[in-house]
2 protein chains.
Amino acid sequence: MGIATQGAGSGLPGGLATALGERFGDRFQQGQAIRLEHGKSETHFAPMPPDAVVFAQSTDEVVEAVNLCREAGVPIIAFGAGTSVEGNTLAVQGGVSLDLSRMTRIVAVNAEDFDCVVEAGVRREQLNEHLRDQGLFFPIDPGANATIGGMASTRASGTNAVRYGTMREAVLGLTVVTADGRVVRTSRRARKSSAGYDLTRLFVGSEGTLGIITEATLRLHAIPEAISAATCSFDTIAGAVDTVVQSIQLGIPLARVEILDDAQIRAVNKWSKMDLPELTTLFFEFHGSERYVAEQVETVKELASANGGGEFRWANRTEERSALWKARHEAYYAAVNMRPGAIGWATDVCVPISRLAECIGETKAELEASSVPATILGHVGDGNFHVVFSIDPDSKAELEEVQAINARLVRRALAMDGTCTGEHGIGLGKQEWLEEELGDAVDLMRSIKRALDPTNMLNPGKVFQL
Amino acid sequence: MGIATQGAGSGLPGGLATALGERFGDRFQQGQAIRLEHGKSETHFAPMPPDAVVFAQSTDEVVEAVNLCREAGVPIIAFGAGTSVEGNTLAVQGGVSLDLSRMTRIVAVNAEDFDCVVEAGVRREQLNEHLRDQGLFFPIDPGANATIGGMASTRASGTNAVRYGTMREAVLGLTVVTADGRVVRTSRRARKSSAGYDLTRLFVGSEGTLGIITEATLRLHAIPEAISAATCSFDTIAGAVDTVVQSIQLGIPLARVEILDDAQIRAVNKWSKMDLPELTTLFFEFHGSERYVAEQVETVKELASANGGGEFRWANRTEERSALWKARHEAYYAAVNMRPGAIGWATDVCVPISRLAECIGETKAELEASSVPATILGHVGDGNFHVVFSIDPDSKAELEEVQAINARLVRRALAMDGTCTGEHGIGLGKQEWLEEELGDAVDLMRSIKRALDPTNMLNPGKVFQL
């Protein structure tokens, strides 16, 4: 794009820069470093910095920033923790990156109603620390310590989704600033409603292209009486997947069940100093009463054993459990860092669970034939898995090989009636696949985008081309 | 409206009537009886018949009907079982009622994936009969034997929602015919996806105003190993509600928990020939393994006892359980028929569960001071309850009294951060309350409506006024 080489804020109209400076003071910044920080990606996308960054501290400030940008005809891109992986917050057309990470107020916790209201910049770890003493937790766990606003915007999910759902289920309502500068609340705090169109779910997953989320009301859950976590290694990928499918068929409410292939386990062992057998492995977590957890474990152990699983290695003390899930959360970094100086290239598909073993198996065979190191890991209970490539940033050949493998992976998932992204979103990286997946439905999305953002100022160039 | 007194099909342009007649033969009907059948309500709304009825048998036929109506500038109203209660399918501007109830094909059951694909006219009882032999069930249960298309359109829920969610969670994807006659599929069959805007959830609950649902992919669940049902009477409404709230706080996954007030129990005893104590009563159902159900029951019994609950009366044999839930499903008719010649007037609010006892208590006090017979029943685990009035259809005074009580009930729910409808939808009856509940958000809905249905041909006059 060449933006990285431009002078500070060179692309912003002078009038807008003056107005933002007057309004936001030192929370309006045009320096090269801060722009780069808001214009880089966790993965392989080239940096595309915004022309300036505004740090908002309230919904009213978001309204003001949106109004000023709209009047100046300049794009505005909501920014949270910057942990998305499909280039979702890159400033492809320049403009203002609106950083919400200082909006960290936990507005209310309604313990009896199992909900809370938080500002968009609250991060999931902050929220769970806040909730712990009240016996509650927020289950959505994409790995990264993302902001709630960002997680809502990409419809994030992660390790707990098999039991507790995704951001689609976790968000009860949103406060959103629209392109025309209005503040709307998409729903009340009731657990369910048939009152009009489901604007909450429309904004969840819209990647900041329809409005800017400034507050969210979230469903919470009671911390279970008992939590047990374990790992179990399998001779075959099919054995691991079948164990999960059969557990779900028996109604076992697995709280977490993650698959890591042998390559991923090798990376985890090295990065997180673990000593797991270097085979396809399931990471389990069981929630419930003491008795119910014991019953779940008994059934799943039997199924695992019948499917070629080894011994269960338990992590029942809180510290052991934390170490296990920390290792899982760092799996991406573990995979990328198998090669010194490499960068990550992550993809994400989701298929009906009946096709998962086949989809992973065919993908694994391709990866083994490739010269680029790669691992497979995923949320097997949902049919969702990722491939993480560790690529040489200077090798065009590797990039092309990875793109070709990814294209075949996505087409394989689509042929199985799956989706091109289970939880990462479309951003820049999956736009051609969105068209292939949903066809004319993407035109409906365009109509909605034009209706709610007629000047295309909100995170332009993402999800689809207008 | 006076439409009921018009001659058959008098409002339809001649060219359209000819074209529909040529295309649909005897599945295009303009007779008075069939029009009235498609223009009446289960509740107090005056009949508003369409000018004609078309029975569609396929998605392609829906496309053709939509195209012909659009070209003629005539409204089209999707019609399923006609069991909605807010006038959702009445032909306020005349036009064509598009009856989908003959689209009853169960296209696929993917047992391993816990999903199925059905046409919009499939009714929930038909689906569950079809699924039973495979050990699966579809949990959404609004009482009436509604069609899946209608249930999706009103975002229906009912007795199982506390455990299994509503149509919001139950619908994985939809096939929809748009106003411009295109067929779109809103998602693939993967259990979760971050691929673009959530069109599925946008169409769920849009009451036929954004497109016509012709097919749905639904999430299914395994029939649990053990099912236990019971009733328990309480001295006070608060005692019943507190029992439920505390059960949920302890993580008990109640499958069903319904509240019926003393008046409703009297009606049920008479209508369904039951002999329940005429007190506020909870109807419970527990799902799980034998051991887990026993554990749930033990805990809930303790809580009920501590909150002034009486003995649990069990209905464990399939026939006993069916009789119990049949009585619950007929509760509306039981309540209406407490007075000979009366008609029903049903309302529906949902509040945060912490406010439920207060909301029901204040409402109960008002009902006791009213001269119109009324009952309270609801899905207490969701904070959702209904009031059913049994009104004299010829008494303007009763209608006005009921409207006033309803207005105060809705305002009470909104003041508690609740919603004006938990599951019935807006239709005609709740439009003013939608505005009061969501304010500017309704303008966003209007923008979306205009974008997807620029000529306002799809079920015009519903949800909001443009």
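By class, 20 nonpolar, 22 polar and five charged residues make up the lining of the largest cavity. The structure is a predicted model, and every value below is computed from it.

**Cavities**

The largest cavity holds about 800 Å³ of space. Its lining consists of 47 residues, and those nearest the centre are Thr83(A), Ser84(A), Val85(A), Pro142(A) and Ala144(A). Several elements of chain A each supply at least two lining residues. The helices among them are helix 5 (148-153), helix 12 (318-329) and helix 13 (331-336). The strands include strand 3 (76-79), strand 10 (212-219), strand 17 (374-379) and strand 18 (384-391). Helix 5 of chain A gives the most to this lining, with four residues.

The second largest cavity contains about 170 Å³ of space. It is lined by 20 residues, and closest to its centre are Arg155(A), Ser187(B), Ser193(B), Thr200(B) and Arg201(B). Two or more lining residues come from helix 16 (431-438) of chain A and from helix 8 (199-203) of chain B. Helix 8 of chain B gives the most, with three residues. The lining of the second largest cavity has six nonpolar, six polar and eight charged residues.

| Cavity | Volume | Lining by class |
|---|---|---|
| Largest cavity | about 800 Å³ | 20 nonpolar, 22 polar and five charged residues |
| Second largest cavity | about 170 Å³ | six nonpolar, six polar and eight charged residues |

Counting cavities of 30 Å³ or more gives seven.

**Domains of chain A**

Chain A is assigned domain 1 (3-99), domain 2 (106-222) and domain 3 (226-332). The remainder of this section concerns domains 2 and 3. Taken over C-alpha atoms, the centres of domain 2 and domain 3 of chain A are 28 Å apart. Nine residues of domain 2 of chain A are in contact with 11 residues of domain 3 of chain A.

The size of an interface is often given as the accessible area lost when the parts come together. Between domain 2 and domain 3 of chain A, the buried area is about 790 Å², and carbon and sulfur atoms give 51% of that area. Of the area that domain 2 of chain A buries against domain 3 of chain A, 64% is supplied by Thr159(A), Val162(A) and Arg163(A), more than by any other three residues.

One salt bridge is counted between domain 2 and domain 3 of chain A. Asp141(A) forms a salt bridge with Arg256(A), and the closest N and O atoms are 2.9 Å apart.

Conventions. Residues are numbered from 1 along each chain as its sequence is written. Chains are lettered from A and ligands numbered from 1 in the order in which they are written. This is a predicted model: local features need pLDDT of at least 70, side-chain atom pairs count only at pLDDT 80 or more; totals for chains, interfaces and linings use all residues. Side-chain values use heavy atoms; hydrogens and water are left out. On a 1 Å grid over the protein atoms alone, a cavity is a set of points where a 1.4 Å probe fits but cannot get out, and a pocket is an open set with protein on both sides within 12 Å along at least five of seven lines; lining residues have an atom within 4 Å of a point. Grid points are joined across faces, edges and corners, and a volume is the space filled by probe spheres set on the points. Ala, Val, Leu, Ile, Met, Phe, Trp, Tyr, Cys and Pro count as nonpolar, Asp, Glu, Lys and Arg as charged, and the others, Gly among them, as polar. Domain bounds come from an automatic or database domain assignment. Contact means heavy atoms within 4.5 Å. Buried area is the accessible area (1.4 Å probe) that two parts lose on being put together, summed over both. A salt bridge is a side-chain nitrogen of Lys or Arg within 4 Å of a carboxyl oxygen of Asp or Glu.
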